[in-house]
Number of protein chains: 2
Amino acid sequence: MKYSPINLKQKYAQFNEHWSPRVIAEMNDYQFKLAKVKGEFVWHEHSDTDEVFIVIEGSLDIEFRDGKVSLKAGEMFVVPKGIEHKPVAENECQIMLVEPKGVVNTGETGGELTANDDVWV
Amino acid sequence: MKYSPINLKQKYAQFNEHWSPRVIAEMNDYQFKLAKVKGEFVWHEHSDTDEVFIVIEGSLDIEFRDGKVSLKAGEMFVVPKGIEHKPVAENECQIMLVEPKGVVNTGETGGELTANDDVWV
């Protein structure tokens, strides 16, 4: 059988939209998603699940109501379920998200930045 | 509140044993683990879960009974549940594993390479 690696750089080369996660892999009922982000996202929370952010290239701040974490390439953070957060990237940043299938990027907040949650690349 | 990034390089600097995964993060009932690997692991399978391999530095082959996949830094692969596999690294390789809490590295095979499954770094 033919087994193929999932190459992150090749996947990132296939889209340019910001704040629009693309699924690249599934593990059980979880998905690995890539996103390019720039600017300020909306405050939101995911009431049922933790959410993992891994920075692949660039820098990302995740703001919380009582602080923030600054991530650079090679760093990750787990946002606990139910905690309001707002990702912010001054310059374009490439991130990988890990979360259960079906999680919507804007959580309970919704709005115009809400992306289709199951677009593969 | 103080929020701290999880820095992969800093975590890798804290251990040197091969084939001995260290937990660095939990998301719901899943864990992110770092491992340094070199040489041949044992053939094994995980009958209840998929398993994600992400290569952070170096190169890793994952052999299957009917083929193999070769991964380099920036590449990942999802080994489906129930599929026998044997990781092999000619030179030392740094990998990140994602799988449910409680998964044992040697799966159903066991043996001397079996590591404690919940050691944090």
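**Note on a two-chain predicted model**

1. The contact between the chains draws 30 residues from chain A and 30 residues from chain B. On the side of chain A that touches chain B, the elements giving two or more residues are strand 1 (6–7), helix 1 (8–12), strand 2 (22–27), strand 6 (67–72) and strand 7 (75–79) of chain A. Strand 6 of chain A gives the most, with 5 residues. Sorted by class, this side of chain A has 16 nonpolar, 7 polar and 7 charged residues.

2. This is a predicted model, with scores of ipTM 0.97 and pTM 0.97. The average pLDDT of chain A is 97, and 100% of its residues score at least 70.

3. Chain A is superposed on chain B by a rotation of 180° with 0.0 Å of shift along the axis, at an RMSD of 0.0 Å. The two copies are therefore related as by a two-fold rotation axis. Both copies use the same surface: 100% of the contact residues of chain A recur in chain B.

4. Strand pairing also links the chains. Strand 1 of chain A runs antiparallel to strand 7 (residues 75–79) of chain B, and 2 bridges join them. I6(A) has M76(B), in strand 7 of chain B, as its bridge partner.

5. The largest nonpolar core has 60 residues, of which F53(A), L60(A), I95(A), F53(B), L60(B) and I95(B) touch the most other members. Leaving aside residues up to four places away in sequence, I95(A) touches A35(A), V37(A), F53(A), I54(A), V55(A), I56(A) and L60(A). In soluble globular proteins, nonpolar side chains tend to be buried together.

Technical notes
Residues are numbered from 1 along each chain as its sequence is written. Chains are lettered from A and ligands numbered from 1 in the order in which they are written. This is a predicted model: local features need pLDDT of at least 70, side-chain atom pairs count only at pLDDT 80 or more; totals for chains, interfaces and linings use all residues. A nonpolar core is a set of buried Ala, Val, Leu, Ile, Met, Phe, Trp, Tyr and Cys residues joined through C-beta atoms within 7 Å. A residue is buried if 20 or more other C-beta atoms lie within 10 Å of its own, exposed if 12 or fewer, and partly exposed in between; C-beta atoms are placed from the backbone. Two residues are in contact if their C-beta atoms, placed from the backbone, lie within 7 Å. pLDDT is the predictor's confidence in each residue, from 0 to 100. Copies are superposed by least squares on the C-alpha atoms of residues with pLDDT of at least 70 in both. Helices (H or I, at least four residues) and strands (E, at least two) are DSSP runs, numbered from the N terminus. Ala, Val, Leu, Ile, Met, Phe, Trp, Tyr, Cys and Pro count as nonpolar, Asp, Glu, Lys and Arg as charged, and the others, Gly among them, as polar. Two strands pair if DSSP finds at least two bridges between them.
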